[in-house]
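Reader: I am new to this structure. Could you take me through it in short steps?

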Amino acid sequence: LAEAGVGAAGAGIVTRGLTADPPGGPARWERENHRGRTVTLAAGAATAAGAAAGAALAPGVPARVRAAGTLVAAAAGAAGLYDDLEGDSASKGLRGHLSALARGEVTTGAVKIGAIGAAGLAGAALVSDNALDTLIGGAAVAGHANLMNLFDLRPGRAIKVSALHAPLALAGPAGPVAAAGLGAASAVLPGDLAERTMLGDAGANALGAVVGLALVAREGRAGRLAHLAAVTALTLASEKVSFTQVIAGNPALRWLDELGRTSR
């Protein structure tokens, strides 16, 4: 609860600061959402900052776990923000960025993928006992960060998906790290649902990374392999199947997806 509060407070402070005086001017931080409404990316940077601050101050957990949580939240958030502010839409999705890289084009998305991958490995190394578990865990953390970004296509969706992880993520040794991320996300959720803000890559990647790390910290090798297989399968599926269409076609998922939105 304490870490959720720190995360929420940090996210709230950063959101207000960036909304009032965004670096580079408001237009640099504004985007159009799926309905053509203008929203600000401030909530994404705020979520990453709140999660990192909460993880850094987490009591009752080893210093290595605090360091891992702070690292993945800050690095994934910074990499995502770079792509948010500097990227273009010429290449989309994991396949698009990797295809561009194969042609010798280094996109902002490819830079983001590399940075989050490195951060995932570093974070996993701090909560692992050997190199193999570090490799598997690092890939799972990075995959989780990317997967959460794939869900950030409608107001509040990525935050709701992250909240569904809470029973497992909060119960492990890195539970306070997950609490910091979920607390930060809860602070920006009202604005996200009201279509005033959006997580963007910065918020969704940071949130996915801290939740993914919290899961990895409680998993053995078999659990990490299953975790990696699940996020990989969903990521590959997203290249062929629209998550939005799947959710819209299922009454229970559609109800949860629309819950709390001021406009549907």
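The questions below go from the whole chain to single residues.

Reader: What kind of model is this, and how many helices does the protein chain have?
Author: This is a predicted model. The protein chain has two strands. Its helices number 14.

Reader: Why does the radius of gyration agree with a compact globule, and what is its value?
Author: The protein chain has 264 residues. A compact globule with 264 residues would have a radius of gyration near 18 Å. The value for the protein chain agrees with that, at 17 Å.

Reader: What box do the C-alpha atoms fill, and what share of residues counts as buried?
Author: Taken along the principal axes, the box is roughly 50 × 45 × 40 Å. Buried here means under 20% relative accessible area. Of the 264 residues, the share that counts as buried is 50%.

Reader: What share of the contacts comes from residues 24 or more positions apart?
Author: The count takes contacts in the protein chain with a separation of 6 or more. Among these, residues 24 or more positions apart account for 77%.

Reader: What part of the accessible surface belongs to carbon and sulfur atoms?
Author: The accessible surface of the protein chain comes to about 11400 Å². The part that belongs to carbon and sulfur atoms is 64%.

Reader: How far apart are the mean positions of the positive and negative charges?
Author: The protein chain has 22 positive and 19 negative charges. Their mean positions are apart by 5 Å.

Reader: Which helices cover the buried residues of H1?
Author: Helix H1 runs over residues 2–20 and reaches 27 Å from its first C-alpha to its last. Its buried residues include Glu-3, Gly-7 and Leu-18. What covers the buried residues of H1 includes helices H2, H3 and H10.

Reader: How many residues of H11 are buried?
Author: H11 reaches 28 Å from its first C-alpha to its last, close to the 27 Å expected. This helix is mostly covered. Of its 19 residues, the buried ones number 18.

Reader: Where does Met-198 lie, and what separates its C-alpha atom from that of Met-148?
Author: Met-198 lies in the loop between H10 and helix H11. Its contacts beyond four places in sequence include Arg-31, Val-39 and Asp-192. Met-198 and Met-148 are 50 residues apart along the chain. Their C-alpha atoms are separated by 13 Å.

Reader: Is Asn-149 buried or exposed?
Author: Asn-149 has its place in helix H7. Leaving aside neighbours within four places, Asn-149 is in contact with residues including Lys-112, Gly-200 and Asn-205. Its relative accessible area is 14%. Buried means under 20%, so Asn-149 is buried.

Reader: Is Pro-176 buried or partly exposed?
Author: Pro-176 has its place in helix H10. Beyond four places in sequence, Pro-176 is in contact with Glu-3, Ala-58, Pro-59 and Val-61. Its relative accessible area is 23%. That value falls between 20% and 50%, so Pro-176 is partly exposed.

Reader: How far apart in space are Pro-176 and Ala-214?
Author: Pro-176 and Ala-214 are 38 residues apart in sequence. In space, C-alpha to C-alpha, they are apart by 8.5 Å.

Reader: Which residues does Arg-261 touch beyond four places in sequence?
Author: Arg-261 lies in the segment after helix H14. Arg-261 is buried, with a relative accessible area of 12%. Not counting residues up to four places away, Arg-261 touches Arg-154, Pro-155, Arg-157 and Leu-193.

Note on methods. Residues are numbered from 1 along each chain as its sequence is written. This is a predicted model: local features need pLDDT of at least 70, side-chain atom pairs count only at pLDDT 80 or more; totals for chains, interfaces and linings use all residues. Side-chain values use heavy atoms; hydrogens and water are left out. Helices (H or I, at least four residues) and strands (E, at least two) are DSSP runs, numbered from the N terminus. The radius of gyration is taken over C-alpha atoms; the globule rule is 2.2 Å times the number of residues to the power 0.38. Buried means under 20% relative accessible area, exposed over 50%, partly exposed in between (1.4 Å probe, protein chains only). Contact means heavy atoms within 4.5 Å. Accessible areas come from the Shrake-Rupley method with a 1.4 Å probe; for residues, only the protein chains shown count as cover. Lys and Arg count as positive and Asp and Glu as negative; His and the chain ends are not counted. The place of a charge is taken as NZ of Lys, CZ of Arg, CG of Asp or CD of Glu. The expected span of a helix is 1.5 Å times one less than its number of residues.
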